[in-house]
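Colleague: Could you take me through the strands in this one, and then the surface?

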Amino acid sequence: MQLDKTKLALAIALALFGLNAASAADSTGAKSDDASPQLDAITVIGHYDNAVGTSDAASQGTVTSRLIANRPALRTGELLEFVPGLIVTQHSGDGKANQYFLRGFNLDHGTDFATYVDDVPVNMRTHAHGQGYTDLNFLIPELVGRIDYKKGPYFAEEGDFASAGAAHMGLVNELPQGIASVTAGSNGYMRALVADSFKAHDGTLLYGLDLGRNNGPWDNPEEARRYNGILRYTGGTKADGFNLTAMAYHNTWNSTDQIPVRAVQSGLTDRFGAIDPSDGGSTSRYSLNYARHKRDADHLFEMNAYVVHSKLDLFSDFTYFQDNPVTGDQFHQSEKRNMVGVNAAQTWFGKMGRFDVQNKIGLQTRYDDISPIGLYSTQNRQYVSTTREDTVKEGSIGIFGENTTQWLDKFRTVAGLRYDIYHFNVNSSIQGNSGSARDHALSPKLSLIFGPWAKTEYFLNYGKGFHSNDGRGTTQTQLPNGGGPSDPVTPLVGTRGAEIGVRSEIIPGLQSSFALWRLDLNSELVFSGDAGDTSPSRPSTRHGIEWNNHYIANSWLNIDLDLAMSHARYTQDDPVGNYIPGSINKVASFGFSVNDRGPWSGAFQLRYFGPRPLIEDNSVNSQSTTLAYARVGYKFTPKTRLTLDVFNLFNRQASDIDYLYPSQLPGEAAPVNGIAFHPVEPRSFRLTLAHNF
């Protein structure tokens, strides 16, 4: 049916003030996690909850589970591609965190984009492979109920890694029907899923088990083997309730990492070959999270406490025989981590004179004990030598306050202030690199929201943010392997951002937003997990435009069109050039989904990922990548359906990622500076039989 925008705006506005009990039922029948008293249910039909009056910025929004279920995804990490303008790629095995791009950033594995699952941070700071490492493979996509996304450092509750944006994924509490599915696909892909919920004592117990294996199109089979499990108990009421969630994930795989273009051109290997077939890894993540909420007409209290245990062993070789002509350049990045944290927030709803106000204060704490975190030289995954080995203890406390005031019927403000304190303690195998460091950051935020007039709202946003640097760099005085002296890095790197935007529903059925934004970084400085030292860089600036459109044409057809352009440069001139290698400048995506056409359904998604400079003088660029996914589904009965997904529909030969750096292949007398790439996977198929019980 046609989206009733008036009911949608009312439903979300009431939900924000705690007066609504229901939100959209997702395609799995997931029910709202809203912590508000019971009222009559209002059903939202659509893929987004982005109506006028529901956001504090044009680039903020919510994706419902209906869209998550309807769109095909090659990898679990592509859940983040539901954030408009964000690109998810891979340059290694699928057990490793993906590579992300957004707003002129090559985010690497998540350095400036914060990701949470039920308010548990996913980004790993001081990580063996990359700062802010964001591995989403522990998720079961069918149990993700919604994705709330934000872009820019304008939100008081967002701290580390959130300068480019943040995504909060919420898991469902219950399923009206169980799910059992099996998937078989190209290149040995297999997956089995079972999930259900049932009443237990005075609450609901949800369980899910997801098993998968995949060889991929690679000459050296990936042999990925993983399992994901979840148990979630929900009790109490929507106004006064809790949940306790346990999750488990384990994965092993072989990697086909990026390879030099010249290796393919010379016939040393084909596009899907590996230079070092012993690359690969194993990882695991086990977590327990307790969340509590309590609200009445005037107050809302929210808290969660979590503990996460994770491990990673990653074997990679990107330069081959450049540094070690005899044994090769393979290295082993390894870490064992225990992470604990507590988040709490209190909100008051009331009046200041004749003005409606909402005041919120919050506390966020986190402690990471990484013991050990190491970088080792290996050959065929066998130990050769230690580059460095450290133990790191890193703690942080973030305090924030936020005031929302409705000054006029058509004007409100959101003013926030955030203060973060970080402490690092490092015990290093390299003499002179042990020690401790502290830093703090004060981050003011302000949003002005005007309207709506003619179903159109206007936004002006400003904020400061930051990302933390790898703790090992904060105490480093000596480079690994006798590389010489090194200055410690600034622990927290400041950022400043601003945005002007508009959101409109003036065209019936169309939610459209447009934003002009700018973001400045004090430094692009990052710790290189591959080399075990700090890679210095300069301050930078980025600016761009985004235009997002979500159109509900009728009860069975939804259309999405998102466009983004950005400009990224270093702000300190250097003869080598001012372009930022890897910075994305153009993104476009178009998709539609068809539902309830008798037993048939379908979806199509087209994604364009523009060229990027690979060197500071812009003399070498990556190629652009355009990919299409398609889905056709058929329901045999209301509870049984068959779905065919096709990835890389047009079988394009393109790159998932391109780099420019020196390496030395077997038989080469000296290092050669050239492009290394990881190809997109060729056309592949996956067939899923699913049954609700």
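Modeller: First the terms: strands (E, at least two residues) are DSSP runs, numbered from the N terminus, and two strands pair if DSSP finds at least two bridges between them. This is a predicted model, in which local features need pLDDT of at least 70 and side-chain atom pairs count only at pLDDT 80 or more, while totals for chains, interfaces and linings use all residues. Residues are numbered from 1 along each chain as its sequence is written, and side-chain values use heavy atoms, with hydrogens and water left out.

Colleague: OK, in the hairpin of E29 and E30, which residue takes a positive phi?

Modeller: Gly 598 does, with phi near 65°, and the hairpin has two residues between its strands. Strand E29 (residues 586-597) and strand E30 (residues 600-609) run antiparallel and are joined by nine bridges, with Arg 597 standing opposite Trp 600 in E30.

Colleague: And how many bridges join E30 to E31?

Modeller: There are 10, and E30 runs antiparallel to strand E31, which covers residues 625-637. Within E31, Thr 625 is the bridge partner of Phe 609.

Colleague: Switching topic: what is the strand order in the open sheet of five strands?

Modeller: The order is E1-E7-E8-E5-E6, and the pairing is mixed. Strand E1 (61-64) and strand E6 (120-121) are the edge strands, each pairing on one side only. Strand E5 (residues 113-117) pairs with strand E8 (residues 165-171) in the parallel sense over five bridges, and Ala 114 has Ala 166 in E8 as its bridge partner.

Colleague: Now the surface: which residues make the nonpolar patch?

Modeller: The patch is about 890 Å² and is made by Leu 460, Ile 500, Phe 514, Leu 516, Ile 545, Trp 547, Leu 561, Leu 563, Met 565, Phe 590 and Phe 592. Patch residues have over 30% relative accessible area and no salt bridge, with like charges joined within 9 Å and nonpolar side chains (Val, Leu, Ile, Met, Phe, Trp, Tyr) within 5 Å. A salt bridge here is a side-chain nitrogen of Lys or Arg within 4 Å of a carboxyl oxygen of Asp or Glu, and accessible areas come from the Shrake-Rupley method with a 1.4 Å probe, only the protein chains shown counting as cover for residues.

Colleague: Which strand gives the most to it?

Modeller: E28 does, with three residues; strand E24 (510-521), strand E27 (540-554), strand E28 (557-570) and E29 each supply at least two.

Terms used
Helices (H or I, at least four residues) and strands (E, at least two) are DSSP runs, numbered from the N terminus.
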